[in-house]
Amino acid sequence: MGPSISREAVYRPSDDLVVREIDGQLIIVPIGAGIGDLEDELYALNDTARVVWAKLDGARTVGLVVDELAREYSAPADEIDADVVGLLEELLKRRMVVSV
């Protein structure tokens, strides 16, 4: 697990976003200053990221998200852990999720 993301941490989407499903894609539009970056105005999550995003509800710990996904997809927890942490690091860098 990356040094900045603990299994006990809990995250939720930032309030400075508008999230909509359009034609089967989850589209995230940053509306706050400093959210996202200057190169991108809209973000579309791939299927894997959408599943993780849906679990970032402000109640589940990172560890619980990883454990749930490992069970749901019958995948090794360490692989799921790496994917979840990688996504969270990117979302945190862009300030699209916040720690609870």
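Which side chain does Glu-90 meet in a salt bridge? Arg-94 is the partner, at 2.6 Å from N to O. By salt bridge I mean a side-chain nitrogen of Lys or Arg within 4 Å of a carboxyl oxygen of Asp or Glu.

Before I go on, this is a predicted model, so to speak about local features we need pLDDT of at least 70, side-chain atom pairs count only at pLDDT 80 or more, and totals for chains, interfaces and linings use all residues. Residues are numbered from 1 along each chain as its sequence is written, and side-chain values use heavy atoms, with hydrogens and water left out.

Okay, back to that pair. Arg-94 is buried, with a relative accessible area of 16%, while Glu-90 is partly exposed at 30%. Those words have cut-offs: buried is under 20% relative accessible area, exposed is over 50%, and partly exposed is in between, using a 1.4 Å probe and protein chains only.

The whole structure has 10 salt bridges. Another one joins Arg-12 and Asp-15, at 3.3 Å from N to O. Here Arg-12 is partly exposed at 29%, and Asp-15 is exposed at 61%. Then there's Arg-60 with Asp-57, at 2.8 Å. Both of these belong to a network of salt bridges that also links Lys-55, Glu-68 and Glu-72.

Now, helix H2. Helices here are DSSP runs of H or I with at least four residues, strands are runs of E with at least two, and both are numbered from the N terminus. H2 covers residues 62–73, so 12 residues, and its first and last C-alphas are 16 Å apart, close to the expected 16 Å. That expected span is 1.5 Å times one less than the number of residues. Just after H2, Ser-74 takes a positive phi of about 45°.

Which parts of the structure do the buried residues of H2 pack against? Strand E1 (11–13), helix H1 (47–55) and helix H3 (77–93). Contact means heavy atoms within 4.5 Å. Among the buried ones in H2 are Val-62, Val-66 and Glu-68.
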